Amino acid sequence: MKNKLYYGAAWYPELWSEEVLEQDILLMKETGINLVRIGEFIWSALEPEEDKIVIRPFVKYIERLHRNGIDTVMCTPTPTPPIWLTHGHPERCYVDESGTVMGHGARQHICTNNSYFRERAAIITEHIAKEIGALPGLTAWQLDNEFKAHVAECMCETCKGLWHIWLQQHYSSIERLNEAWGTAVWSQTYQRFDQVPQPGPAPFLHNSSLRTMYRLFSMEKIAEFADEQADIIRRHSSAPITHNSSVAFHLDNERLFQNLDFAAYDTYASQENMHAYLLNCDLWRNFKPGKDFWIMETGPSFAASLVSFGVPHPNGYLKAEAVAAYALGAGAFCYWHWRQHRSGSEQTHSSILSAWGEPALGYDNVLEANQARQEIEQIMLSTRPLRADVAITYSDRTKAYLATEPHRKLNYRSLLGDFYKRILHMGIHRDLLPEGGDLTGYKLLFTPFVHYLSPEYVQSALSFTAAGGIWIVGPLTGGRTKEHTIHTNAGLGELERLAGVKTKFTYPLESTGTIGHAFGVSAPLSLWSSVFEPVSESASSIGMITEGVTPGLSFLTEQPYGQGTIVMLGSMPAGEEGDLMLCKLIDHYAERSGVTVRSDVTKGTIVCPRNGDQGELWTIINMDGCGGSLTLPRDGHDVLSGKSVACGPLSIGEYEYRVIRL
Amino acid sequence: MKNKLYYGAAWYPELWSEEVLEQDILLMKETGINLVRIGEFIWSALEPEEDKIVIRPFVKYIERLHRNGIDTVMCTPTPTPPIWLTHGHPERCYVDESGTVMGHGARQHICTNNSYFRERAAIITEHIAKEIGALPGLTAWQLDNEFKAHVAECMCETCKGLWHIWLQQHYSSIERLNEAWGTAVWSQTYQRFDQVPQPGPAPFLHNSSLRTMYRLFSMEKIAEFADEQADIIRRHSSAPITHNSSVAFHLDNERLFQNLDFAAYDTYASQENMHAYLLNCDLWRNFKPGKDFWIMETGPSFAASLVSFGVPHPNGYLKAEAVAAYALGAGAFCYWHWRQHRSGSEQTHSSILSAWGEPALGYDNVLEANQARQEIEQIMLSTRPLRADVAITYSDRTKAYLATEPHRKLNYRSLLGDFYKRILHMGIHRDLLPEGGDLTGYKLLFTPFVHYLSPEYVQSALSFTAAGGIWIVGPLTGGRTKEHTIHTNAGLGELERLAGVKTKFTYPLESTGTIGHAFGVSAPLSLWSSVFEPVSESASSIGMITEGVTPGLSFLTEQPYGQGTIVMLGSMPAGEEGDLMLCKLIDHYAERSGVTVRSDVTKGTIVCPRNGDQGELWTIINMDGCGGSLTLPRDGHDVLSGKSVACGPLSIGEYEYRVIRL
Amino acid sequence: MKNKLYYGAAWYPELWSEEVLEQDILLMKETGINLVRIGEFIWSALEPEEDKIVIRPFVKYIERLHRNGIDTVMCTPTPTPPIWLTHGHPERCYVDESGTVMGHGARQHICTNNSYFRERAAIITEHIAKEIGALPGLTAWQLDNEFKAHVAECMCETCKGLWHIWLQQHYSSIERLNEAWGTAVWSQTYQRFDQVPQPGPAPFLHNSSLRTMYRLFSMEKIAEFADEQADIIRRHSSAPITHNSSVAFHLDNERLFQNLDFAAYDTYASQENMHAYLLNCDLWRNFKPGKDFWIMETGPSFAASLVSFGVPHPNGYLKAEAVAAYALGAGAFCYWHWRQHRSGSEQTHSSILSAWGEPALGYDNVLEANQARQEIEQIMLSTRPLRADVAITYSDRTKAYLATEPHRKLNYRSLLGDFYKRILHMGIHRDLLPEGGDLTGYKLLFTPFVHYLSPEYVQSALSFTAAGGIWIVGPLTGGRTKEHTIHTNAGLGELERLAGVKTKFTYPLESTGTIGHAFGVSAPLSLWSSVFEPVSESASSIGMITEGVTPGLSFLTEQPYGQGTIVMLGSMPAGEEGDLMLCKLIDHYAERSGVTVRSDVTKGTIVCPRNGDQGELWTIINMDGCGGSLTLPRDGHDVLSGKSVACGPLSIGEYEYRVIRL
């Protein structure tokens, strides 16, 4: 996987005539496509009738691609079970929260926990793996397609049974479950595990533990399915296995990728949300440290379906996206999709070729991005992304807690995205790390919006802090137990002792007129907050509440811990002043913790630092089409032009990219 | 039907005492009512117990009305099946898209495809037809009431079976269906027709062909029910048969009226939407060419139910509405309803009399409208509406395609209404024609928002163009096949060859900053668009894209075709400048095609041209209550005052109407 | 119940350890808590397995509280039936309007009409009553908890059967039902009672009578359940029985409290809605005249759940609330809840103590409110609220009619709240009376928004008027019959004869440009209106319509009746001018009817008048935190400071309260 930068596209040879396929391969080569993903929706094609399985045509596609210098990612076809598997079997289908049973249609309409589905999925995957697993053109496997993109927690009878087993395994006795969940509230005490409901229709809210645990159960089950499928493949193939995931799906990606070989994801952010695009790069790089991540799907221009569409990319942006991906650690940048569908429900989605075989919107941009890929390929292959000084914790499990308890429609992705954007715009290089990510070597750690902090995470963060790091905890962090209940020893549990603070109150600050003051700035405070009193001798208040219902208390404290510092951020500064305060906070602690992997690059332009045998390499890219500038800290060498670049101010043109060895 | 202008009202004698009915008939005569519609909700009254059928009272009502000089429209009572037909039989009831089974209540709660319903409907209609079909007072039949007003496609088991038969009939083999619909996308390939689902609950979107075909199937089935009922009536009656339809319902009106004798519809547009009122007149005139259409229901003042209400008409507006209807081709103008209901769920709806027998709001306006009717009756009876020079295609089938693929909540009615309004305000007389409408004699044809162009339609439009007409195709027209898939030979299929263009790209222009320039105007372009390159020698670009992601391409082209011209309008100009551009476009092509049936009447006032033995007749009506003016092209004769009117400027007072023979 | 002002909190001893309970009781005493409510969610705790009932621990809690000087309100635990009662028994569960069956979870998930539920509820309540009914610490009973807070009308099979019996009892024969409901409209005529549907899914609106009667049926059934439970308790206890109700629930509170001993309610209005808080005080005082009402639940600071939260009270407001409640007739002011839940779905709700046993937000305010309570206790115990001169009719039954017929999303609570607020802000003391409230002694009566006026109510209002009162009828009042149909003798039925008017038209005035003129003010008129012609000799028009579709008609008339006057207000003046007109109207009739229990207190400050042996007592409270003022009509004596206060201007500080004997 490591001798080229992959430039790929999803291909559906099962849908087109031989004549079209011939044209496709010719044009792929012209376009620079060196990787093709096939097979995620071909179950009916492979097994049109139960047990009548023919894999051969796909062997031939892969061989043909290989002959043409194109590698293949082969998918398992489980997201779209054939009609013979679901027809007349509503009990195998997905049931949503309202109790509605899905019919055949769209995709993900089956319950992935259904045992007959699992059996048939194992059979088809085994057949594919056997016949395709050792083909020379095969470079990787993708399991299924976008697990849990359209569905969340299934409420079918199969899941009910598994849920009861899961509970039994987690709680041993029903008494322990009752105690853990506090079911005595509202008289919900269960006598037996088989009585514990799935969180379906109810007159009002379910118990928070029930709701959150059902989400975690569901996340675990889909990961187990992935494990099961991967095991089958590995019996027949040594090609690495991944999945095209996303932060938007109902998944615990950290758990999902635990047993997979490398990380991949799909993204369709429009230019307006470029920070979401970059957040993904900074995150997925860290699910499988040391390995390239792949962008398995992105649009040549825009995403669309029968009922919605995104904004087409401005010319130039695609190239900037591709260069940014490679520079931030991507091993592949792949399009969905090669040729426009003529049928289905995504006919309007942007593609490289139209359904009538002509270049589609963005085709020139695809060529341009390929040219850029070729220019930077060798440099990227000989260097690796630099670890950042700043880590931000990303937690899919927290999504489960926040979905159960959104306070007022809070959404983890947008909360975290906004938080991330600020650091991005400040020119600070950053890693988003899953909860279990290794914190060694970082200088500054942010843990925002994580309702529940696991003991393992706290231990890791404390080690980081003890070794001299600054750990910024909050907002909205630490106030819930693993079981999604409230701590009964202190507002934030053990964390308070470590941080030397006492949570005086936790309450919602919206509409209370609360003003906080820190770093010389006064700003409104927002969100459900913890307000503190420093209680240890060494703890101090850095941000004070000056107006509202709790004046005189603190929303920001500091406490030395080992060689480092624990900073508690109990509330979210809001508005323009809040933004300013947060920037000052970030700046202050970046400075103090010795963060150096940063630049003064202007907003809309990014620096992607890498290193290799020949030292540090900066890829500088203008993403907003307005051009930008930065100060080069030392003299450098422009790898693409071969010219040297003096330290000092450097301008970057519209969508321009520069690769400079410092 | 042709010796008077009907002025009617819906009457519910089954609800009131003899004393009230006596008063009703006296007052009807005072009010000028010469037509009464009865019977659409009387099934329970006629057949209180299964097979115990008594029609006699309604015979007597009709005879009594007849004795009082009032004609009757008799309805079949099928929209509200009695309780004995549905109680204990959920399997006979309508099932909505989410799978919810309707209970007894409201109306249209039964599945009109249920075989037992069909059987009982045939029996009751036969009984009615036998006893009432030959009564001298009977002037027409109305089938049912507002088919598919409250419901759309039924998802019951009966419909499932019929759906499979329909598919078998349309596609012969399952392989052909799979090919036609492209079911290989997402592995939806069917093995047998009985596996093809109804488009009920699914995790994401259904295949577009499935979704659209189910809509067309449903539209066909309700029309078959109408055919079946009409056949029964015709065995016993020679009175013409219609239905009170609407552009708002889930119907293919062209198909529905195919086997009916004349067209009728209901409208409750408030003055604010007067263009919708006029659009209806210009459309329904053309479902049964040469025959009067009827407005079967309109409110004396406002529509209302328990949960909503419209805006009462300003005084004067009702008269303007009635005159406009008659002048634009209506043979009847009927109110819903005569006497306010005391119960049910539409008690608050405007009526001529209140529930306590007093004149209701708008009563004076009803008298005034009758007076106007009387004034113009003989003139209208001796003339016919003039065919317009401009035709606009109206397609209910397109509604089915757009409902499946709304891009972003596009709505055919409002798209078309806005398009129509512009032509109306420019003083151009216009006909809205169903897809199969005869284009002979028109000069300018607009075909906007028709996703799928049938070969028959294209042939008809080409004949029109070959003969010298100008055909303006678009926006949003021609990009889909009959099966609701994408063309695979060109973006707009065969059309491109005819129009001498190549669709370079199809994509959504919203938020891309795209600007088009044509007719000296620069305007933002919007909607999902096709952007062109003229490719034939004779093709030329009339409108160029100057900004956005595809500058230099065309959104408006011209190509000579026979004696005429094909104009491709690939995009929708937007905003004030877009409006100006469209007006210039319309003006330009109206001029060039020789459109003469138009005037310079001011917005809010309309000219309704008719002709007869004595030449052309203009009915000029102020509809907005502000008065207006126009230039009379030649000297005329005011038929109502008997005075002559000089050519040149003519003022029209508030809600005034003038009838001028030119 | 009458030797103290109760200051209470809800307590959940079943959830906590002995250690915590010990701390709780100590802190309750410090905080001034002298009343505790327990038991509303303890069914599982009492009867963990069917028929295995242990009440003993709760006997001990009550005894222990008693030993510590704290009285107890014991609840029946029926809102949250245990899992053994619902598991495997969906037929016992609540079914909502869409047909969705609730699963176990949250609360109110069972159908309270289910016979097995009733049986088990009777058994558990009898056990509780037997063991607890005679305990010295027991001061009152609360039935269940917030009946019908989360659910409305159940659609289960049990309810269907009861509905048919209810109909049989109310209508004797199906013919009478058909006639009463006018079911002939839309052919809905029933043959037998068992055919009458519950108002579940239907393609359009149900018959208004069906819809409204089902609501009234449901309201009656829940009250019958309360009666049944109260009877059981009374066999074993002489403590008075109440329920913690609300104007927000699906209840007829007048009927519910008919057989209960005193009135109580829950309120969580934030300061912004302080008028809603005061409206409650003015209403609940009058459900059980002469008896204190209790505020059974209010938040120390704010309400919240997992998915929403209210605005925390500003410091000072809680004290003002408590003093206002006591001064307006409350015998108890109780918090929900004492100690924050650690689990469930209301963990975030404000409480006195946190889940970790520390003072929660608002704790200081709770202390402050207790101090105020102590200051005023003796004065309040020796006086009673003064009857107002002005009565406003409150009708939960009207909520049923308006819910069926909201015109355009009208909401009784907000309509009435806005109406009430105006009178409040004018410094007029007022009583909200249920429909059956005794009108003797009042001077001015408002009956706004009551669709159906019962004969009993009209008789009562006429007696009041005959004796010299002024009765202001409307807006939206009197236009419907008991059966929720339209009158057939006159727009407002008999009322018109009494008021000497004829309703010319009833119609919606929104968007018609209607302007009315009265009391020297011209204002837009709104809502569905009745417009009048005075027809009796003594009737006169006070407010004329000057613009719109019915100029020259009246929207406001006066007619002498006995010693008094009937004023018909047919429409709702709107906007700022409408507000001014309404204030002038209120002022005018208050003046004319001799209303004296009022003051010129500024908006945001209130006067709560009481009287006792020593004369009239004014409690003046600033509620908006801005301070205020009023003119003291005569010299008085400040009971709290012991100083005299001269008549004339008096200032009130921020959140200050003064108690002045005049």
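How many residues does the contact take from chain C and from chain B? Here are some notes on that and a few other points, for you to follow with the model open.

1. **The answer, and what you are looking at.** The contact takes 42 residues from chain C and 52 residues from chain B. Please keep in mind that this is a predicted model. The predictor gives the complex an ipTM of 0.96 and a pTM of 0.97. For chain A the mean pLDDT is 97, and 100% of the residues in that chain reach 70 or more.

2. **The chain C side of the contact with chain B.** The side of chain C that touches chain B has two elements giving two or more residues, namely α8 (208-234) and β17 (501-508) of chain C. Of these, β17(C) gives the most, with three residues. By class, this side of chain C holds 19 nonpolar, 21 polar and two charged residues.

3. **The contact between chain B and chain A.** Here 42 residues of chain B are in contact with 52 residues of chain A. On the chain B side, the elements that give two or more residues are α8 (208-234) and β17 (501-508) of chain B. The largest share of that side, three residues, comes from β17(B). Its residues divide into 19 nonpolar, 21 polar and two charged.

4. **How the copies are arranged.**

5. **Domains within one chain.** Chain A is divided into domain 1 (6-151 + 239-381), domain 2 (390-593) and domain 3 (605-661). The C-alpha centres of domain 1 and domain 2 of chain A lie 37 Å apart. Their contact takes 15 residues from domain 1 of chain A and 17 residues from domain 2 of chain A. On the domain 1 side, α9 (253-258) and α10 (274-284) of chain A are the elements that give two or more residues. The largest share of that side, six residues, comes from α10(A). This side of domain 1 of chain A divides into nine nonpolar, three polar and three charged residues.

6. **What the record says.** An unreviewed UniProt entry lists "domain: Glycoside hydrolase family 42 N-terminal" at residues 11-374 of chain A. In the model, that span is 39% helix and 10% strand, and its end C-alpha atoms lie 22 Å apart. The UniProt record (unreviewed entry) also places "domain: Beta-galactosidase trimerisation" at residues 388-595 of chain A. This span is 29% helix and 32% strand, with its end C-alpha atoms 9 Å apart.

7. Ala320(B) is found in helix α11 (residues 317-327) of chain B. Is Ala320(B) buried or exposed? Ala320(B) is buried, because 28 other C-beta atoms lie within 10 Å. Leaving aside neighbours within four places in sequence, Ala320(B) is in contact with Ile621(B), Asn622(B), Met623(B), Tyr655(B) and Tyr657(B). Asn244(B), by comparison, is 76 residues from Ala320(B) in sequence and 22 Å away in space, C-alpha to C-alpha.

8. **Backbone details worth a look.** The peptide bond from Gly474(B) to Pro475(B) is cis, with omega near -5°, and Pro475(B) is found in the loop between β16 (470-473) and α16 (494-499) of chain B. In chain C, the bond from Gly474(C) to Pro475(C) is cis, with omega near -5°.

9. **Positive phi values.** Ser511(A) has a phi near 60°, a positive value in a residue other than glycine. Ser511(A) has its place in the loop between β17 (501-508) and β18 (515-518) of chain A. Ser511(A) counts as partly exposed because it has 14 C-beta neighbours inside 10 Å. For Tyr655(C), phi is near 55°, a positive value in a residue other than glycine. Tyr655(C) lies in the loop between β30 (648-652) and β31 (657-661) of chain C, and with 23 C-beta neighbours inside 10 Å, Tyr655(C) counts as buried.

Technical notes. Residues are numbered from 1 along each chain as its sequence is written. Chains are lettered from A and ligands numbered from 1 in the order in which they are written. This is a predicted model: local features need pLDDT of at least 70, side-chain atom pairs count only at pLDDT 80 or more; totals for chains, interfaces and linings use all residues. UniProt positions are given in the numbering used here, feature names are shortened, and annotations may be inferred rather than shown by experiment. Helices (H or I, at least four residues) and strands (E, at least two) are DSSP runs, numbered from the N terminus. Domain bounds come from an automatic or database domain assignment. Two residues are in contact if their C-beta atoms, placed from the backbone, lie within 7 Å. Ala, Val, Leu, Ile, Met, Phe, Trp, Tyr, Cys and Pro count as nonpolar, Asp, Glu, Lys and Arg as charged, and the others, Gly among them, as polar. pLDDT is the predictor's confidence in each residue, from 0 to 100. A residue is buried if 20 or more other C-beta atoms lie within 10 Å of its own, exposed if 12 or fewer, and partly exposed in between; C-beta atoms are placed from the backbone.
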